[in-house]
Amino acid sequence: MNQPRFYCREALSPGAHIDLPEPVARHAVRVLRLPPGAAVVLFDGRGGEYEARIERIERDRVVAALGAWHDIERESGLAVTLIQAVQAGEKMDYTVQKAVELGVSQIVPVDSRRSVTRLAGERAARRVAHWQGVAAAACEQCGRNQVPPLAPLERLENWLARPANGALRLILAPDAEQALVDLSPAENVQLLIGAEGGLDPQEIVAARQVGFTAVKMGPRILRTETAGLAALAALQALWGDFRGRVNHV
C-alpha cells in the first residue's frame, strides 16, 4: 500500500509493457518524480492489481513493465448507491472523493428542484467525466481496485421512476420517527441526499411514494457535503466493512 498506485483504463496483463496514460505519466514523473526502475502498482478497474516498474522515461511517454497480478479487493460487503443532488462549486468533487474512500458502490448525480448548479447537455457530460476522474484518483489513494461508476446526470423525478431492485431506500430527516440505528441490516442501500437547500417537499413525498424511508442521525441539520458522507460512514459502521465485512469477489 506504500507504493504509488495508478489507474489505467486499458486492460492490463502480466508481462505487458504499456505507455502510462498522459495524466498518470505526468503525475508519476513531474509530481512524484519517480525514476526508471521505481516500483508502482497499476489497476484497470477489472479486479485485482498488478506489480509494475517504471521501465523508461522519454520526453512524451512513460513506459511501465507489468509483473504479477494479485487478486486483491478492498470492496465493502455493503453495496451503497449514493443519489446525490448536484452541489455547487467544489463540494461535488469533495463528496465524490470521500464517498469513494468510504466504500460507495455507485454515485448517481441528479438535478433536483433546489439544486443551485444547473447542468445540461455537453456541460453535464463533461462534469460527469470529471467526477469519474475524481473517483478514479480516490481509488488510487485509498487502495480500491474497482472504480465506482458515475451515472449520467438526470432529473431526480426521472430517477425516482426506476425500480428499487430490492434495495433499502433511505433519506435523512432530523424529525423522522425512525433512527438509522434501529433499522434491520441490509446489504443493498440507496441513499438519497439533497442539494444545498435540501430536498423539495414534493420531492420528499415522491421519494416516499416509491419506497424511501426517512431516518434520523441525531437532531442536527447537516450540510449537503456532510450528510451523505456521515450516513455512509454510519452505514459502514453498522452493516459494512467498518465491522470487517469485506467483499473479496
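How many bridges join β7 to β12, and in which sense do the two strands run? In this predicted model, 6 bridges join them, and the strands run parallel. Strands are paired here if DSSP finds at least two bridges between them. Helices (H or I, at least four residues) and strands (E, at least two) are DSSP runs, numbered from the N terminus. Residue numbers start from 1 along each chain as its sequence is written, local features need pLDDT of at least 70, and side-chain atom pairs count only at pLDDT 80 or more. Totals for chains, interfaces and linings use all residues, while side-chain values use heavy atoms, with hydrogens and water left out.

Gln84 stands opposite Pro109 in β8. Strand β7 is mostly covered, with 6 of its 7 residues buried. Buried means under 20% relative accessible area, exposed over 50%, and partly exposed in between (1.4 Å probe, protein chains only). Together, β7, α2 and β8 make a right-handed β-α-β unit. A crossover is right-handed if, with the strands pointing away from the viewer, the path from the first strand over the helix to the second runs clockwise.

Helix α2 has its own buried set. Met92, Asp93, Thr95, Val96, Ala99 and Val100 are buried in this helix. They lie on the same side of α2, because they cover an arc of only 165° around the axis. The arc is that of the directions from the helix axis to the C-beta atoms. The buried residues of α2 pack against β7, β8 (106–111), α3 and α6. Contact means heavy atoms within 4.5 Å. Just after the helix, Gly103 takes a positive phi of about 95°.

The largest nonpolar core holds 38 residues. A nonpolar core is a set of buried Ala, Val, Leu, Ile, Met, Phe, Trp, Tyr and Cys residues joined through side-chain atoms within 4.5 Å. Trp131, Leu170, Val189, Leu191, Leu232 and Leu235 touch the most other members. At least two residues of this core come from each of β7 (79–85), α2 (91–101), α3 (121–142), β12 (188–193) and α6 (224–239). Helix α3 gives the most, with 8 residues. Leu232 is in contact with Val80, Ala99, Leu102, Val104 and Leu191, leaving aside its neighbours within four places in sequence. In soluble globular proteins, nonpolar side chains tend to be buried together.

Across the whole structure, a search finds 16 salt bridges. A salt bridge is a side-chain nitrogen of Lys or Arg within 4 Å of a carboxyl oxygen of Asp or Glu. Glu49 and Arg5 form one of them, at 2.9 Å, N to O. This pair links distant parts of the chain: Glu49 is in strand β4 (residues 49–57) and Arg5 in strand β1 (residues 5–7), 44 residues apart. Glu49 is buried, with a relative accessible area of 8%. Arg5 also counts as buried, at 7% relative accessibility.

Arg74 forms a salt bridge with Glu49, and the closest N and O atoms are 3.2 Å apart. Arg74 lies in the loop between β5 (62–70) and β6 (75–76) and Glu49 in strand β4, so the pair ties together parts 25 residues apart in sequence. Arg74 is partly exposed, with a relative accessible area of 26%. Elsewhere, salt bridges that share partners join Asp19, Glu55, Arg56, Glu58 and Arg61 into one network. The side chains of Arg26 and Glu22 meet in a salt bridge at 2.3 Å, N to O. These two residues are separated by about one helical turn, because they are 4 residues apart in helix α1 (residues 22–31). Arg26 is partly exposed, at 35% relative accessible area.

Two loop residues other than glycine have positive phi values. For Arg33, phi is near 55°. Arg33 lies in the loop between α1 and β3 (39–43) and counts as exposed, at 66% relative accessibility. For Asn165, phi is near 55°. Asn165 is placed in the loop between α4 (156–160) and β10 (168–172). At 65% relative accessibility, Asn165 counts as exposed.
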